[in-house]
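Please consider the structure shown below with attention to its aromatic side chains and its surface charge.

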Amino acid sequence: MKPYVTFQSLTFALLFLPTSIVDAGFVTYSNRAAWESTVGNHSTEDFNSFTVDTPFHTNAVDVGDFSLSMTGDPGTVRNKIDVPNLWDSSFNIDGTNVASVFLKTGDSLFLIFDAAIVSFGAEFAALNDSVRRVDIVVAGEVFTPPVTAASQVRFFGFTSDVSFTSVELRGVGTFNDGFSLDNVSFSEQAPVPEPASLAMWGLGAIVLTGYSRRKRKLAA
């Protein structure tokens with residue numbers, strides 16, 4: 001009798017695809033190079049066209065392809081596009097302008113895009129420092145960037161098979177959060193499927209076809 005893959009074992013294998021699938025087609029990334037290789041062509045906003053500190057805690061600020069706006073208590077010297085010398089050196093990402101943010105629990109920062117996008121990523125400094133302080137909300141999905149220590153600079157991004165125009169950074173938990181973001185990257189085109197995922201799904205299709213044929217032979 002020839003060995004064959006059962007439907008149950010195939011289902012188990014598909015549950016463990018080598019990607020970080022969140023839900024509804026979202027995949028998260030902690031590495032910019034991996035994100036860029038998946039997304040391909042994309043745009044990046046580095047805020048470097050601003051020559052003076054520009055607050056967005058009281059009025060929305062248009063930065064080109066998207067705007068920055070806030071809800072909640074604006075009582076802070078932060079929540080602005082910060083031009084060096086930066087207000088807080090721990091918010092430095094690459095020595096240039098950053099969006100300096102302070103969120104109390106229940107406050108939100110919104111990035112509202114002019115056109116629908118399917119990919120988003122940025123560098124962050126001191127985000128979720130030591131404890132969970134901020135969630136990212138997109139198209140009804142909630143992501144929690146990993147908690148880090150010592151005001152680390154790191155990339156966080158995601159791709160999606162559904163389009164969206166809003167990215168919300170929401171203050172959560174019992175602690176406020178001060179952080180910065182820079183090099184906001186995004187893409188309007190569909191992300192390229194990861195090779196490992198394509199291979200697995202292709203294998204699944206082949207096995208399912210063979211499984212179906214075998215059932216028909218047994219029933220004959």
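Are phenylalanine 124 and phenylalanine 179 buried or exposed? In this predicted model, both phenylalanine 124 and phenylalanine 179 are buried.

Across the whole structure, a search returns 13 aromatic pairs. One of them joins phenylalanine 66 and phenylalanine 113: the ring centres are 5.0 Å apart and the planes meet at 40 degrees, so this pair is tilted. Pairs count as stacked under 30 degrees and as edge-to-face over 60. Because phenylalanine 66 belongs to strand β5 (residues 66-71) and phenylalanine 113 to strand β8 (residues 108-125), the contact ties together parts that are 47 residues apart in sequence. Phenylalanine 66 and phenylalanine 113 are both buried.

A further tilted pair is formed by phenylalanine 124 and phenylalanine 179, with 6.5 Å from centre to centre and 50 degrees between the planes. Here phenylalanine 124 lies in strand β8 and phenylalanine 179 in strand β12 (residues 177-187), so that distant parts of the chain, 55 residues apart, are linked.

Beyond individual pairs, one aromatic cluster is made up of Phe26, Phe47, Phe66, Phe113, Phe120, Phe143, Phe158, Phe164 and Phe186. The cluster thus includes Phe66 and Phe113, the two residues of the pair with planes at 40 degrees.

Asp62, Asp65, Asp114 and Glu188 form a negative surface patch.

Terms used:
Residues are numbered from 1 along each chain as its sequence is written. This is a predicted model: local features need pLDDT of at least 70, side-chain atom pairs count only at pLDDT 80 or more; totals for chains, interfaces and linings use all residues. Side-chain values use heavy atoms; hydrogens and water are left out. Rings of Phe, Tyr and Trp (its six-membered ring) pair if their centres lie within 6.5 Å; planes under 30 degrees apart count as stacked, over 60 as edge-to-face and the rest as tilted. Helices (H or I, at least four residues) and strands (E, at least two) are DSSP runs, numbered from the N terminus. Buried means under 20% relative accessible area, exposed over 50%, partly exposed in between (1.4 Å probe, protein chains only). Patches are made of residues with over 30% relative accessible area and no salt bridge: like charges are joined within 9 Å, nonpolar side chains (Val, Leu, Ile, Met, Phe, Trp, Tyr) within 5 Å. Accessible areas come from the Shrake-Rupley method with a 1.4 Å probe; for residues, only the protein chains shown count as cover. A salt bridge is a side-chain nitrogen of Lys or Arg within 4 Å of a carboxyl oxygen of Asp or Glu. Lys and Arg count as positive and Asp and Glu as negative; His and the chain ends are not counted. The place of a charge is taken as NZ of Lys, CZ of Arg, CG of Asp or CD of Glu.
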